[in-house]
Amino acid sequence: MKTMLANVFHGINDIRVESVPKPTVGPGEALLRITATTICGTDLHIVRGEYPVKPGLIIGHEPVGVIEELGAGVTGYNIGDRVLVGAITPCGQCRACLSGKPSQCGHGHGCQAMGGWRFGNTINGAQAEYLLVPYAQANLAKIPDEVTDEQVVLLADIASTGFGGAESGNIKIGDAVVVFAQGPIGLCATVGAKLMGATMIIAVDGDENRLKMSRQMGADVTLNFRECNVVEEVLKLTGGGVDVAIEALGTQETFEACLRCLRPGGTLSSLGVYSGKLQIPYEAYAAGLGDHRIVTTLCPGGKERMRRLINVVQSGRFDPAMLVTHRFSLADIKQGYEVFGSRSEGVLKVLITP
């Protein structure tokens with residue numbers, strides 16, 4: 001039996017790099033030799049027991065690699081092709097996919113919680129030497145030779161999610177936008193707002209390093225919530241409220257602040273993953289009479305989404321590699337989790353190379 005090294009979840013705060021069986025390829029599948037992956041905030045939720053998965057699961061969901069094997073029925077690709085695969089792997093055939101909502105892919109049997117997020121959730125993930133990709137025909141995006149692994153690995157999840165928040169908010173040329181939280185997803189939402197034509201982008205965080213990065217990413221104004229009343233400042237800067245408020249953290253406080261920053265008729269675009277009870281104060285919501293919209297986004301996936309994001313990088317309009325601040329081998333991934341989890345050393349994103 002052939003084996004590989006992988007980061008395996010065994011229980012709360014218990015991950016181990018160990019030898020496991022190398023996957024075998026079935027019809028419609030592809031086997032990738034992983035060349036780059038990352039640690040995501042969702043991986044932290046899993047390790048901390050905040051999002052339940054089965055013990056024995058290989059975690060991770062941001063894969064770049066080289067095609068090692070192709071299953072029957074997968075056409076248009078060759079062994080050795082370098083590819084990016086999204087964190088969301090739609091089948092392309094179920095009701096959600098055929099209705100234009102591939103992120104909500106339900107394995108061909110209707111909707112399910114977390115949609116098409118499979119890697120490191122319902123099937124083995126990318127923090128390993130090899131990864132088995134389901135529905136490969138719908139999910140393998142070829143990477144141009146002039147684009148590096150570091151430039152595309154963040155497109156699999158955080159860039160797709162952050163841009164998706166801007167897209168779901170339906171930002172228009174000349175809009176004023178506020179983005180709450182400037183972690184990796186919030187930073188990508190800031191970039192997305194700029195790409196879509198916003199002319200006043202206000203970034204909010206309590207970490208000066210992240211606010212500095214947000215200015216590099218296109219924010220016009222940065223606000224440290226530890227030093228000012230953010231809602232008052234936003235209302236003053238915009239003359240009555242933003243057109244779109246993007247929530248990229250997932251807390252009651254940031255969600256409510258987004259609502260209070262909106263002008264009448266504005267949109268709250270929510271990217272955060274919430275726990276516990278989320279409440280909407282009636283006065284912040286204009287008692288339901290303010291023509292507000294609240295929209296949510298699950299990371300768009302599939303090969304066409306990845307192709308478009310690669311085009312953005314290839315064109316020079318966005319370089320996600322700026323967000324990679326730390327690098328570890330797969331063998332040292334525990335140290336990567338410690339740095340990422342403690343938000344020490346100015347960490348934004350951690351790159352893992354098997």
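Modeller: Start with how the angles are taken: axes are lines fitted to C-alpha atoms, for helices over the stretch in contact, and angles run from 0 to 180 degrees between N-to-C directions. Keep in mind that this is a predicted model.

Take α5 and its partner α6 (residues 184-195). Their axes lie 7 Å apart, and the packing angle is about 50°. Angles under 35 degrees count as roughly parallel and 65 to 115 as roughly perpendicular. On the α5 side, the contact uses I158, A159, T161, G162, F163 and A166. On the α6 side, P184, I185, C188, A189, V191, G192, A193 and L195 take part. By class, this contact has 11 nonpolar and three polar residues, with no charged ones.

Now turn to α10 (303-314). The axes of α5 and α10 come within 11 Å and cross at roughly 95°. That angle makes α5 roughly perpendicular to α10. From α5, the contact draws on S160, F163, G164 and E167. R305, M306, L309 and V312 answer from α10. Sorted by class, the contact of α5 with α10 has four nonpolar, two polar and two charged residues. F163 of α5 is listed in the contact with α6, and F163 is also listed in the contact with α10.

The largest share, three residues, comes from α5. By class, the lining divides into five nonpolar, 10 polar and four charged residues.

For contrast, look at another helix pair. The axes of α8 (residues 230-238) and α9 (residues 252-261) come within 9 Å and cross at roughly 25°. α8 and α9 are therefore roughly parallel to each other. α8 passes α9 in a right-handed crossing. V231, V234 and L235 in α8 meet A257, R260 and C261 in α9. This contact counts five nonpolar residues, no polar ones and one charged residue.

Technical notes. Residues are numbered from 1 along each chain as its sequence is written. This is a predicted model: local features need pLDDT of at least 70, side-chain atom pairs count only at pLDDT 80 or more; totals for chains, interfaces and linings use all residues. Side-chain values use heavy atoms; hydrogens and water are left out. Helices (H or I, at least four residues) and strands (E, at least two) are DSSP runs, numbered from the N terminus. Angles under 35 degrees count as roughly parallel, over 145 as roughly antiparallel, 65 to 115 as roughly perpendicular and the rest as oblique. A crossing is left-handed if the near helix is turned anticlockwise from the far one by less than a right angle, and right-handed if clockwise. Contact means heavy atoms within 4.5 Å. Ala, Val, Leu, Ile, Met, Phe, Trp, Tyr, Cys and Pro count as nonpolar, Asp, Glu, Lys and Arg as charged, and the others, Gly among them, as polar.
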